Amino acid sequence: MPAATHSCQKQGRTARAVLLFALTLLLQACGGGGGASTSSSPAAGSASSVASSTSSSSTASSSSSSTSASSVSSSRTSLYVTEPVVANCDAGQLKDSERIAVLDKLNAIRARHGMPAVTYDASDDSAAAQAALYMVANATATTTPSVSGFCYTPDAARLAAVSNVMIVVPFSPGASTQDFSSPQMIVNSLINANPGVLGRRRWVLDPFLTKTTFGRVDGISISNGNPFAASVLKVAGNNAADISQMTNDFVAYPYGIYPVSEFQTDWFLSFSAIASKTDAAANGAAQVSFASATVTVNDGSTALPVTGVAADYSGAGLPNSLQWKVTGLQTNVIYTVQINNVIVNSVTRQYTYTFTLQ
């Protein structure tokens, strides 16, 4: 579903920007902790991002009463066993099929990158729903819920702090937040518009991740009376001790045969080296250096222009990342990426891999 995305990273690792997809829905999102916000005004005939706002200091009142069902036409199939009632701080009950669909999409993405599958942890379902409820109630995507915000709970704050979070609002007449699929929210974590660190992508593509939890709430914001959908995907706190079964010693995006629907040709490609498969923390700046790294992308006969090469060592997923843009990418072309002069555990390494957008 077309959307616009706003990303933010873990506290102390913040970055902000805007990614425009097209017409129907507006999205804002965060991965990890809070931080500064930016904003832009909607453009005529297109979706546009808005800032992550701070939580309201007010408390819920019955005068704001409305349910998420009011934004869903009778012809639509609900995503819920029991619809949320945001005005009552009731998160409702999401259908298991939504959680299964999210887990399947997450694991399909990870399999494409040669990563082990993650399992579902239902023990945090309630907390994830509370975090999503908080964001709808306060009309904000945040990983640092405020105790003064509508529908605040300690569990909401706990889950938001270790999750990729996202909020959606209908942007065209007749649209509903429930038209935006939960799996698409996972895809938008890959295509996150962010000029600094690609944190939400890196959390999804963390090879050490073993478990996840998903929560979603659709409803009418207490803060401003507008319809929103918010999602919460737990991405931190469940790390494998050993990923030696993984064949590759790197994580590249895109990699192999890659669906063009899950990649933006004008956005950043990225690469992370795996310096240790037995210690997730031993993959940072002390073990991996991109200081002298060079990137080339070749279509078999011609080297394409590469720009915006930058390194980041924040702890979003693997704590090392190299990113760049390529001009002129097309579908159904085999591209070869070569990254030279990467220092891994004091040894100079070269990496070569291919990808094809289809």
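## Cavities

On a 1 Å grid over the protein atoms alone, a cavity is a set of points where a 1.4 Å probe fits but cannot get out, and its lining residues have an atom within 4 Å of a point. Grid points are joined across faces, edges and corners, and a volume is the space filled by probe spheres set on the points. What we have here is a predicted model, where local features need pLDDT of at least 70, side-chain atom pairs count only at pLDDT 80 or more, and totals for chains, interfaces and linings use all residues. Residues are numbered from 1 along each chain as its sequence is written, and side-chain values use heavy atoms, with hydrogens and water left out.

With that rule, two cavities of 30 Å³ or more turn up. The largest cavity holds about 100 Å³ of space. Around it sit Arg201, Arg202, Leu205, Val251, Ala252, Tyr253, Ser270, Phe271, Ser272, Ala316, Leu318 and Ser321. Helix α5 (199–204) and strands β11 (250–253) and β13 (269–273) each put at least two residues into that lining; helices (H or I, at least four residues) and strands (E, at least two) are DSSP runs, numbered from the N terminus. By class the lining of the largest cavity splits into seven nonpolar, three polar and two charged residues. Here Ala, Val, Leu, Ile, Met, Phe, Trp, Tyr, Cys and Pro count as nonpolar, Asp, Glu, Lys and Arg as charged, and the others, Gly among them, as polar.

The second largest cavity comes in at about 50 Å³. Its lining is made of Asn164, Val165, Met166, Met185, Ile186, Ser189, Arg200, Phe214, Ser231 and Leu233, with β7 (163–170), α4 and β10 (227–234) each giving two or more of these. That makes six nonpolar, three polar and one charged.

## Helices α1 and α4

Helix α4 (residues 182–190) also packs on helix α1 (residues 96–112), at an angle of about 30° and with the axes 8 Å apart. Axes are lines fitted to C-alpha atoms, for helices over the stretch in contact, and angles run from 0 to 180 degrees between N-to-C directions. The pair is therefore roughly parallel, a label for angles under 35 degrees.

On the α1 side the contact uses Glu98, Ala101, Val102, Lys105, Leu106 and Ile109, and on the α4 side Ser182, Pro183, Ile186, Val187 and Leu190; contact means heavy atoms within 4.5 Å. Eight of these residues are nonpolar, one is polar and two are charged. Ile186 is in this contact and in the lining of the second largest cavity as well.

## Loops worth a look

Tyr253, from the lining of the largest cavity, is joined to Pro254 by a cis peptide bond, with omega about -5°. Pro254 is in the loop between β11 and β12 (256–258).

Asn332 has a positive phi, near 60°, and isn't a glycine; this residue lies in the loop between β17 (321–326) and β18 (334–344). Ser292 belongs to the loop between β14 (288–289) and β15 (294–298). Ser292 and Val342 are 50 residues apart in sequence, yet their C-alpha atoms are 6.9 Å apart. Neighbours within four places in sequence aside, Ser292 touches Asn340 and Asn341.

Note on methods. Parallel < 35°, antiparallel > 145°, perpendicular 65-115°, else oblique. 1 Å grid on protein atoms, 1.4 Å probe; cavity = no way out; pocket = protein on both sides within 12 Å on 5 of 7 lines; lining within 4 Å.
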